[in-house]
Amino acid sequence: MFQKYDVIVVGAGHAGCEAAAAAANLGSKTLLITMNMQTIAQMSCNPAMGGIAKGQIVKEIDALGGYSGIVTDLSMIQFRMLNRSKGPAMWSPRAQNDRMLFAAKWREMLEKTANLDFYQDTVVGILVNDKKAIGVKTGLGHDIYADSIVLTNGTFLNGKVHIGDKNFGGGRISEKAAFGITEQLVSLGFESDRLKTGTPPRVDGRSLNYSKMEEQPGDDQVVGFSFLDTEKPKKQLSCWITYTDKKVHDILKTGFDRSPMFSGRIEGIGPRYCPSIEDKISRFAERERHQLFVEPEGWNTVEVYINGFSTSLPEEVQYEALRSIVGFENAKMFRPGYAIEYDYFPPTQLKYSLETKLIQGLFFAGQINGTTGYEEAACQGLIAGINAHQKTKNLEPLILKRSDAYIGVLIDDLISKGTNEPYRMFTSRAEFRTLLRQDNADLRLTELSYRLGLASQERMEKVREKRNGVEKIKNILNALPVTPNDINPYFEKISSSLITEKQKACKLLLRPEIELKDLMNCLPALKKELNDFSSDALEQASIQIKYDVYIEKEKELVERMSQLESLTIPETFDYRKISSLGNEAREKLSKIKPTTLGQASRISGINPSDVQILMVYMGR
């Protein structure tokens, strides 16, 4: 039945879909195996993409030629650019999506992808020969062979669902768990552990009283995620905001004695930054209320997602508490919230390519590595898919540095520091976030991907056009003189300092209260010269001028840090022979096997003196 494939991807969640698309688009004959063809790219939890730092990741995936940005644009029902009141390094796009349309668009794009086959079955083991992955074994008894295997198992490995004092096997509610892979990998020498995540109840939107809630509309300007010219929605649906209160908290507390979290039935650690509602009211007892976002699930459904109300309490407690929330007095529950425990493999067992250190040709991506969130999973899938292809062709892997992308930060954090709780990306995790903005992901990454053969010619042409446009705009602003008579009336109006002599337009743009559009509105000559440039190029030029000093400082820091990154450590380096290193340093360096001194310096427990010892020893 089955030919030999170049790449097999196991699992068709966000990580698996990006991995399969990347490998196939690069030219590898690829097979995507999923337990259920009807749940490809399902949004298991929140029907949304992006958000703080996560939006930057989706833009980076798009810039590299992945599909997530395109699918998000084609299925969005609302768009917002978060943190607009802050500097552009903090701007983060977020979309509310039509859950069913999102999955349908993903499947449509995958089915149009050359070199990609699909098969519905359960993978129960990896075929391994001489510490090299050579294929997979399925539940229906098939041995399917390939040069590289990408595991993206999500929450399905020995998954267990918890609702109150009930628990049962499952990777998602009403979907069976996957068994066999964890046990085999442990027998091969891998370490595994358990994590926990959860989801809120879904309710009937027809039973809610929105007049009692605060409306949260989308932005007037829908920027979107893809750097291609994707179709954006002509209208948007609003989300709504309401709050819990003391009465709701008291009702929830009546179920604490049957809570799987508090009774010890859940062993895995849950996400720190997305706790369940019972965890919130337990840990933050002083808080009298918690904010809830009431989010529609799509254009053509009444189902509503209650963001902020993740819970695994008994159904009757969930129901009673829900109906005590303002606007939810007559709420009807479609299905209860639940928690899920699942196996993951601490990511210090991986190389930067996301290939495992123990088994050649075996790659991990997504929640199997301890991350949480669609965006974190998708970007790992993209990198694993690219590198699985590269492995089959004996080509160098794609490694993104911390200064290249949020994706590079995420992978470096996972591999250098590991994680014992679901890892979530934040802007604060990136030390070079002024360089890693959402607006310049294409300028940073598309050419790199184009050289690999993934990003299209169309994408590369758009980047060249944008880059050329930005330079022309900056030249115009650097050359155009502005007289006091031209601009002072406007400055007086906004209480900005008046000028007493001619200044170049670029200098005026340095004022924090002045935007490029303001100058264009005040200066007809400037508006005429800039009128034909795209909004992307105008925004990019403005940011580069305004933040030039900060951008240059970060580039200098990157340059200094790159000196450590360029000092490679041989894979066979024996840290146990360096007696001047402490026991903890020797143990962690031997386990993680950093590839550079830069990576060694970021390992938890490694201090600057350890790095200096390594530098001296390697110099000798």
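This report walks through some helix packing, the nonpolar cores and a handful of individual residues in a predicted model.

A bit of housekeeping comes before the details. Residues are numbered from 1 along each chain as its sequence is written, and side-chain values use heavy atoms, with hydrogens and water left out. Since the model is predicted, local features need pLDDT of at least 70 and side-chain atom pairs count only at pLDDT 80 or more, while totals for chains, interfaces and linings use all residues.

**Helix pairs**

Helices here are DSSP runs (H or I, at least four residues) and strands are too (E, at least two), numbered from the N terminus. Axes are lines fitted to C-alpha atoms, for helices over the stretch in contact, and angles between N-to-C directions run from 0 to 180 degrees.

Take helix α2 (residues 54-63) and helix α10 (residues 374-392): their axes come within 9 Å and cross at roughly 25 degrees. α2 and α10 are therefore roughly parallel to each other; the label covers angles under 35 degrees, with over 145 counting as roughly antiparallel, 65 to 115 as roughly perpendicular and the rest as oblique. The crossing of α2 past α10 is left-handed, that is, the near helix is turned anticlockwise from the far one by less than a right angle (clockwise would be right-handed). On the α2 side, Lys54, Ile57, Val58 and Ile61 make the contact, and α10 brings Glu375, Glu376, Ala378, Cys379 and Leu382. Contact means heavy atoms within 4.5 Å. Sorted by class, the contact of α2 with α10 has six nonpolar, no polar and three charged residues. For those classes, Ala, Val, Leu, Ile, Met, Phe, Trp, Tyr, Cys and Pro count as nonpolar, Asp, Glu, Lys and Arg as charged, and the others, Gly among them, as polar.

Helix α1 (residues 14-25) and helix α4 (residues 99-111) make another pair, with axes that come within 11 Å and cross at roughly 20 degrees. α1 and α4 are therefore roughly parallel to each other, and α1 passes α4 in a left-handed crossing. His14, Cys17, Glu18 and Ala21 of α1 meet Phe102, Trp106 and Leu110 of α4.

**Cores and a buried helix**

What holds the nonpolar residues together inside? In soluble globular proteins, nonpolar side chains tend to be buried together. A nonpolar core is a set of buried Ala, Val, Leu, Ile, Met, Phe, Trp, Tyr and Cys residues joined through side-chain atoms within 4.5 Å. Buried means under 20% relative accessible area, exposed over 50% and partly exposed in between (1.4 Å probe, protein chains only).

The largest nonpolar core has 103 residues, and Ile8, Ile149, Leu151 and Leu362 have the most contacts inside it. α10 gives the most to this core, with nine residues. Leu151, not counting residues up to four places away in sequence, touches Val10, Ile126, Ile181, Leu185, Leu362, Phe363, Phe364, Ala365 and Ile368. Another core, of 24 residues, lies apart from the largest one and includes Leu477, Ile499, Leu509 and Leu516.

Helix α3 (residues 68-75) has seven of its eight residues buried, so it is largely enclosed by the rest of the structure. Those buried residues are Ser68, Gly69, Ile70, Val71, Thr72, Asp73 and Ser75.

**Single residues**

Here are a few residues with their accessibility.

| Residue | Relative accessible area | Class |
|---|---|---|
| His290 | 4% | buried |
| Lys280 | 14% | buried |
| Val128 | 31% | partly exposed |
| Asn394 | 73% | exposed |
| Ser174 | 76% | exposed |

His290 sits in the loop between α8 (277-283) and β16 (291-296). Its contacts, leaving aside neighbours within four places in sequence, are Thr242, Tyr243, Thr244, His249, Ile277, Lys280, Ile281 and Phe284. Lys280 itself belongs to helix α8 and, with residues up to four places away not counted, touches Pro275, His290 and Gly308. Leaving aside neighbours within four places in sequence, Val128 is in contact with Ile134, Gln184, Leu188 and Ile359.

Ser174 and Asn394 are worth a look for their backbones. Phi of Ser174 is near 70 degrees, a positive value in a residue other than glycine, and Ser174 is in the loop between β11 (166-169) and α5 (181-187). Asn394 has a positive phi of about 55 degrees although it is not a glycine, and its place is in the loop between α10 and α11 (406-417).
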